[in-house]
Amino acid sequence: MTRYALGRLTSLIISLIVASVVIFGVIEVIPGDPAAFMLGVNARPDTIAALRAEMGLDQPLVTRYLDWITGLLRGDFGQSWTYKTPVSELINDRIWVSLPLAIYALILSTLIAFPAGIYAASRRGGAGDITIMGATQLGVAIPNFWFAMILVLIFAINLRWFSAGGFPGWDNPFQAIKSLTLPAIALALPQAAILARVMRSSLLDMLGEDFIRTARAKGLSRRQALWKHAVRNALIPVLTIIGLQFSFLLAGGIIIEQVFFLPGLGRLIFQSISARDLIVVESVVMLLVFTVIMVNFLVDLAYAAVDPRLRTKA
Amino acid sequence: MSLLAIKDLSLTIGETEILHTIDLSMQKGEIVAITGESGSGKSITALAVMGLLPRGSAPRGEVLLDGTDILQTTEPDLCKMRGNTMGMVFQEPMTALNPVQTIGDQVAETILIHEKTTKTAARKRAAAMLQRVGLKVAPTRYPHELSGGQRQRVVIAMAIALRPKLLIADEPTTALDVTTQSRILDLLRDLVREFHMGLLLITHDLAVVADIADKIVVMQKGRVVETGQTQALLANMEHPYTKALFEASTHAVCLPEATQSAPMLNVKNVHRDYPMARQTLLGPRPSFRALHDISFQINQGERVGLVGESGCGKSTLTRAILGLEDVQGGQITLDGEPVFTGKHPNLAVRRKMQVVFQDPYSSFNPRHRVDRLITEPFHLLETPPTGQARRDAMTKALEDVGLSSDDAGKYIHEFSGGQRQRIAIARALIIAPELIIFDEAVSALDVSVRAQVLDLIADLCRKRPLAYLFISHDLSVVRTVTDRVIVMQAGKIVEQGETETVFANPQHPYTQSLIAAAPQLPTLGMVV
């Protein structure tokens, strides 16, 4: 187990290094002169020169890369060109919206998908299965911003249970969670639909396995065999999807954040790209990549917890 | 009252009638074997007794276990009986266990679902039961850490943990090596004696049947064609199907004399190493030696057998001979030319060799027609025949294996297992190779079909000088179709020589144990 974890950790570190080189390369090298790009076509040469000096663009490439990386490690993400504040502050304000929202949505989607998938698999071909599969088909097909608008119409405008948007901050945790509820549902529904389908098909594969027959021959009922033997084996492909979904939920909430006026990371990136603030974009993208790789590392560890065969392999 | 009485059992699934009026009865402490070829209804009869029939089955008749009619019992009551009154062991030990649960917990589960007891107590009893079935590993191990034979012991321990009155074993040793098979059969026999339970053994292997059963039930196409005490039935078989079945099992082909001639395949001091995972992060990669100093020759027109248990290196050797993989030491040559040059198989040599694999169902591309399948080896030739010459070669290959040229336009799913294996042989023959490798080529076939395919091979030897390497775990088959035999154990050749000499007077202890472990059919008509 330790060796497996160490192996995954090595791969995590290598992935991070490669990702940082790629991000640095794409943003700093490929568009030509970043300073000229950030200031736009009408910029005066002396403004560009000032920005070049401030961004350290007169330094050699390797020095700039190392400065950036050591800065990141110290928590120094540089100074935003448009906001004129440290990027770390910008991120700090917004991560406490985006991260809880992603976790909230993931929990919701798992809570919906697991029972739905298990129920559908245990009633294969029955009315319940057909209903759930029909619903997930819709869930996969309909974009989440449309769900978001419908939710706002029903629960915010008609029923007035929730506010239609905005985020009050974490001073009052109840209000904070309440304001994240509609966006979390909107994000979670399509994800839950995908996850439920994966759960169902993975369970059905497992139910056809020989060891389920063995369990039945021991005297387990169909339901017991499903819960005690099939579910844990079916989790492996499901975990993969959960890992991918978390990454999407964290970075892919841009549209939902726009619909609900949430000051999250997605909006920050969107605004920074519009304002050509490459310093912010670079750091936020690296932060997202870091989170995604970390989540995948945790998923790898979860695999080993579920499947003993992985623990003995290197 | 008998322990199990099946009366007039018929079964249909949809429109198809699977079982016709089955009658069968057995007593406590008795071993009854149901035998027959695939599709005879053996397994479905067993599942009927367990109350585990597939969905859509409509059974009629009675299945009385200790007086209770299984067919009339509700599912919750059946759950109480399964594992408790009757237990079942399945064929494939590699997949019969839950991969994410320890073996101890899986055995303890049988106890926990039927009895009100603590987890600790159940685990203790499970450990004792694992010990009783002769398993020498800790109950905290996972299935993937165990060999096939060990896993089958776990499955048996699970089935007998509560000392059921009836144990059903569906082909329990078919997937195992001969020496493991004989140990598992011994275990089953001991358990029947000790627990005084009934054992319903389902197997296609008549040698196993003759060895262990008190009573034999022969099934064909969903009917019981003959029943009797083992000794009496073997001595006096009445139904033609029973006779045919036994004759096919002891079938000896009439192999023409081998023509003495020049050496062809030369395997000299071959080593094959596989790299394994590193022990430390940047440490050296250890390697596993799968073939250890292998040397042998095959002459032109010579038929050589290769026997050994799973994992002994038979398949590795096949791949090396075919030039599919390089070797780490020694040399393999055919007619003096190496089979592997640089980083590729040597095509000039490769076209002189063909191979027939074990599984006739998965070794063909289902989307190609037979003509395309069997002419595939032509791409090895520098100038493949075209037009009429190509059609002639195809017709000849198909006719040689007992099929007709009309079959060329069909898809592979239209053929039975035996016919598919004939097509595989036609594919091998089409470029008239000097050497054919039969890799467990008849192992997946029913006895009667196997006998036909073996006859076909002997027939082909008569038509043309054919040299082959016949790889099999089935000693009786190797004995009848080869001139010389090679015995492998753990990557080494432990014995080689004239087939008859080796079988009659094995020198190496391993060969002796293999031959002793192989179940033997009594000579027909000699049993009293």
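## A hairpin in chain B

Which residue in the turn of the hairpin formed by S9(B) and S10(B) has a positive phi? That residue is B:Lys221, with a phi of about 45°, and the hairpin has 2 residues between its strands. Please keep in mind that this is a predicted model.

Strand S9 covers residues 215-220 of chain B and strand S10 covers residues 223-229, and the two pair in the antiparallel sense over 6 bridges.

## An enclosed strand, S8(B)

Is strand S8 of chain B, residues 198-202, enclosed or open? Here 5 of the 5 residues are buried, so the strand is largely enclosed by the rest of the structure. B:Gly198, B:Leu200 and B:Ile202 point one way, while B:Leu199 and B:Leu201 point the other way. In S8(B), the residues pointing either way are buried.

S8(B) has parallel neighbours to explore. Strand S3 (residues 31-35) of chain B is joined to S8(B) by 4 bridges and runs parallel to it, with B:Ile34 partnered by B:Ile202. Strand S7 (residues 166-170) of chain B also pairs with S8(B) in the parallel sense, over 5 bridges, and B:Leu166 stands opposite B:Gly198. Between S7(B) and S8(B) the chain passes through helix H6 (residues 178-195) of chain B, making a right-handed β-α-β crossover.

## Chain A, built from helices

Turn now to chain A, which has 14 helices and 0 strands. Its C-alpha trace spans about 80 × 55 × 35 Å along the principal axes, and 46% of its 314 residues count as buried.

An unreviewed UniProt entry places the feature "transmembrane region" at several stretches of chain A, including residues 95-120 and 284-306. In the model, residues 95-120 of chain A are 100% helix, with end C-alpha atoms 36 Å apart. Residues 284-306 of chain A are also 100% helix, and there the end C-alpha atoms are 33 Å apart.

## Surface and contacts in chain A

A nonpolar patch on the surface is formed by A:Leu6, A:Leu9, A:Ile13, A:Ile17 and A:Val21, which together have about 430 Å² of accessible area. One of them, A:Ile17, sits in helix H1 (residues 2-29) of chain A and is partly exposed at 48% relative accessible area.

What joins A:Arg8 and A:Asp300? Their side chains meet in a salt bridge of 2.9 Å, N to O. This pair links distant parts of the chain, with A:Arg8 in helix H1 and A:Asp300 in helix H13, 292 residues apart. A:Arg8 is partly exposed at 27% relative accessibility, whereas A:Asp300 is buried at 15%. Helix H13 (residues 278-306) of chain A also holds A:Val281, which is buried with a relative accessible area of 11%. A:Val281 lies 194 residues from A:Val87 in sequence, yet their C-alpha atoms are 9.6 Å apart.

## Salt bridges in chain B

Over all chains, the whole structure has 32 salt bridges. In chain B, B:Lys463 and B:Asp459 meet in one of 3.9 Å, N to O. These two are 4 residues apart in helix H15 (residues 447-463), so about one helical turn separates them. Both belong to a salt-bridge network that also links B:Lys396, B:Asp400, B:Arg462 and B:Arg464. B:Asp459 is partly exposed, at 29% relative accessible area.

Elsewhere in chain B, the side chains of B:Glu145 and B:Arg141 form a salt bridge of 3.5 Å, N to O. B:Glu145 is partly exposed at 31% relative accessibility, and B:Arg141 is partly exposed at 30%.

Key. Residues are numbered from 1 along each chain as its sequence is written. Chains are lettered from A and ligands numbered from 1 in the order in which they are written. This is a predicted model: local features need pLDDT of at least 70, side-chain atom pairs count only at pLDDT 80 or more; totals for chains, interfaces and linings use all residues. Side-chain values use heavy atoms; hydrogens and water are left out. Buried means under 20% relative accessible area, exposed over 50%, partly exposed in between (1.4 Å probe, protein chains only). Two strands pair if DSSP finds at least two bridges between them. A crossover is right-handed if, with the strands pointing away from the viewer, the path from the first strand over the helix to the second runs clockwise. UniProt positions are given in the numbering used here, feature names are shortened, and annotations may be inferred rather than shown by experiment. Patches are made of residues with over 30% relative accessible area and no salt bridge: like charges are joined within 9 Å, nonpolar side chains (Val, Leu, Ile, Met, Phe, Trp, Tyr) within 5 Å. Accessible areas come from the Shrake-Rupley method with a 1.4 Å probe; for residues, only the protein chains shown count as cover. A salt bridge is a side-chain nitrogen of Lys or Arg within 4 Å of a carboxyl oxygen of Asp or Glu.
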